[in-house]
Amino acid sequence: MSGRSVRLKSVPVQSLSELERARLQEVAFYQLQQDCDLGCQITIPKDGQKRKKSLRKKLDSLGKEKNRDKEFIPQAFGMPLSQVIANDRAYKLKQDSQREEQKDVSDFVAFLLPFGTKRQNKELSSSNSSLSSTSETPNESTSPNTPEPAPRARRRGAMSVDSITDLDDNQSRLLEALQLSLPAEAQSKKEKARDKKLSLNPIYRQVPRLVDSCCQHLEKHGLQTVGIFRVGSSKKRVRQLREEFDRGIDVVLDEEHSIHDVAALLKEFLRDMPDPLLTRELYTPFINTLLLEPDEQLSTLQLLIYLLPPCNCDTLHRLLQFLSTVAGHAEDTTDKDGQEITGNKMTSLNLATIFGPNLLHKQKSTDKEFSVQSSARAEESTAIIAVVQKMIENYEALFMVPPDLQNEVLISLLETDPDVVDYLLRRKASQSS
C-alpha cells in the first residue's frame with residue numbers, strides 16, 4: 001500500500017467497478033441480515049436465472065416450435081433481461097463491424113481511384129506500366145486493411161486493468177486495457193474464481209436498447225402529454241414496433257411515432273419479462289420495508305437495490321429516472337411569457353399505480369395483464385404502489401453508495417486482494433482530485 005489516505009465520498013453505484021459491485025452485493029446482503037428485521041428470508045437474485053419447466057411444458061413448447069414456421073428468434077420481449085442486453089450488445093458489435101468493413105472498402109476504393117485515373121489518361125499505353133506506381137511504395141498495400149483494435153485513447157477507462165488476474169500475472173503498474181463486461185460473464189461456481197474474472201473497471205451500462213429508446217423518445221416529445229401511460233394506443237402500431245425490436249432492427253423513434261404507442265410498448269416490455277425487474281426473490285423483502293420506521297425504509301430499499309443483478313439495477317435506475325422526470329411535469333406551470341403550460345397529470349402515485357404491478361410481483365395472473373383489482377391482492381397492491389412511489393421520489397439517493405459501504409467493500413477485498421485495493425484507492429484518489 002502507498003500509505004496515502006483517501007477520503008471516500010458518495011458515488012453512483014454505476015461508477016463502481018464490476019468487482020466492487022459484486023462485493024457490494026455481499027456486503028448489502030450481510031447488513032440486511034444483521035441490521036434489518038424484515039421478517040422474511042433474503043436471497044441474492046441470480047443474473048438471468050432460468051426457471052425450471054416441467055417435462056410436459058418442455059414437450060409442448062417444442063411441439064409448438066415445430067408446428068409453426070418461426071421466422072426469427074425474439075430479441076427483446078419475453079426474454080431474461082441479461083439475454084436481451086446480450087442480444088443488443090451482439091447487434092451493436094455486428095453493426096460496428098459492418099461499418100468498419102464499409103469504411104475499409106471506401107478507403108481501398110479511394111486509394112485505387114488515382115491509379116485508375118492515371119491509367120485512363122495514358123490511354124492504355126501499357127498494361128504493365130499502368131499500375132507500376134504501386135510497386136514503388138512497398139509500405140502501402142492495395143488489399144483492404146484489417147480492422148485494428150481501437151487505440152487506447154478511444155477506449156473507455158484507458159488507464160485501467162481488466163481483472164485481478166492481470167494484477168497477479170504482471171507486477172508492473174497498471175495494464176492499460178479495458179474489457180467491456182457482458183452479463184453472461186462471471187458465472188463461475190466458485191466465488192474466488194469468479195472474482196478473478198471480474199473487471200476492475202465500471203461495468204458496461206446494462207440497459208436494454210428498447211427501454212432507453214422509449215425513455216428518450218418520451219422525454220423529448222411526451223412530457224407535456226396529458227394522461228401519458230393512461231390513454232389508449234394503436235394495437236396495430238404497437239405490435240409493429242414490437243416486432244421490429246424483436247427482430248433486432250435498429251428502430252429510430254422520432255416525432256412521427258405516437259407518444260401513446262411508445263408508452264404502451266415500454267409497459268409491454270416490462271410486463272412480459274419472465275422475471276420482474278425487482279425479481280421474485282426480493283418481492284417480500286421489498287414489500288416488508290413498509291413495516292419499518294420511515295427513516296429506515298429508504299436505507300433498506302437502498303440495500304435491496306444493491307442485491308439486484310447489475311442489468312436489473314441499471315435498467316431500474318434508467319426507468320426511475322425517467323418516471324421521476326415525468327412526475328416533475330405533472331402540474332400546470334407558466335412559461336416566462338406568462339403562458340400556461342398544461343401538466344401531464346401523472347404524479348408519482350399515478351405512475352406507481354401503473355408500473356408497480358409490472359415491476360414487483362410474485363407471479364403473473366392468468367390474464368395477459370397482471371390484475372391488481374382482486375380483493376385478495378388489494379392489500380399487497382397498495383403496498384406495491386407505495387414501494388414503487390417511494391423509489392420514484394427518491395431514485396437519486398437510492399443509487400448512491402455512501403462512504404461507509406464503500407469502506408466495507410474495500411475491507412472485504414483487502415482480506416483477499418490487497419493489490420486490487422491499492423489500485424482502486426489510487427483511482428478514487430485521482431478521480432476526486
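Figure 1. D261 has a relative accessible area of 2%, so it counts as buried (buried means under 20% relative accessible area, exposed means over 50%, and partly exposed is in between, with a 1.4 Å probe and protein chains only). This is a predicted model, where local features need pLDDT of at least 70, side-chain atom pairs count only at pLDDT 80 or more, and totals for chains, interfaces and linings use all residues. Residues are numbered from 1 along each chain as its sequence is written, and side-chain values use heavy atoms, with hydrogens and water left out. The partner of D261 is R237, and their closest N and O atoms are 2.5 Å apart (a salt bridge is a side-chain nitrogen of Lys or Arg within 4 Å of a carboxyl oxygen of Asp or Glu). D261 belongs to helix α9 (residues 259–272) and R237 to helix α8 (residues 235–246), so the pair links parts of the chain 24 residues apart (helices are DSSP runs of H or I with at least four residues, strands are runs of E with at least two, and both are numbered from the N terminus). R237 is partly exposed at 45% relative accessibility.

**Figure 2. A salt-bridge network takes in R205 and D212.** Salt bridges with shared partners join R205, D212, E219 and R318 into one network. Within it, the side chains of D212 and R205 meet at 3.0 Å, N to O. D212 is buried at 14%, while R205 is partly exposed at 41%.

**Figure 3. K428 and E20 bring two helices together.** Their side chains form a salt bridge with an N to O distance of 3.2 Å. K428 is in helix α17 (residues 418–432) and E20 is in helix α1 (residues 18–35), so this pair ties together parts 408 residues apart in sequence. K428 counts as buried at 14% relative accessibility, and E20 counts as buried at 4%. Searching the whole structure turns up 17 salt bridges.

**Figure 4. F77 and F269 meet edge-to-face.** There are three aromatic pairs in the whole structure (rings of Phe, Tyr and Trp, using its six-membered ring, pair if their centres lie within 6.5 Å; planes under 30 degrees apart are stacked, over 60 edge-to-face, and the rest tilted). For F77 and F269, the ring centres are 5.8 Å apart and the planes are at 80 degrees, so the pair is edge-to-face. F77 is in the loop between α2 (55–67) and α3 (81–121), with F269 in helix α9, so they tie together parts 192 residues apart in sequence. F77 is buried at 4%, and F269 is buried at 1%.

**Figure 5. F229 and F355 make an edge-to-face pair.** Their rings are 4.8 Å centre to centre, with 80 degrees between the planes. F229 lies in the loop between α7 (209–221) and α8, and F355 in helix α13 (residues 348–359), so parts 126 residues apart in sequence are tied together. F229 is buried at 3%, and F355 is buried at 0%. Ring pairs also link F229, F322 and F355 into a cluster.

**Figure 6. C313 has no disulfide partner.** The closest cysteine sulfur, in C311, is 9.5 Å from the sulfur of C313, which is too far for a bond (a disulfide is a pair of cysteine sulfur atoms within 2.5 Å). The disulfide count comes to zero. C313 is buried at 2%, whereas C40 is partly exposed at 25%.
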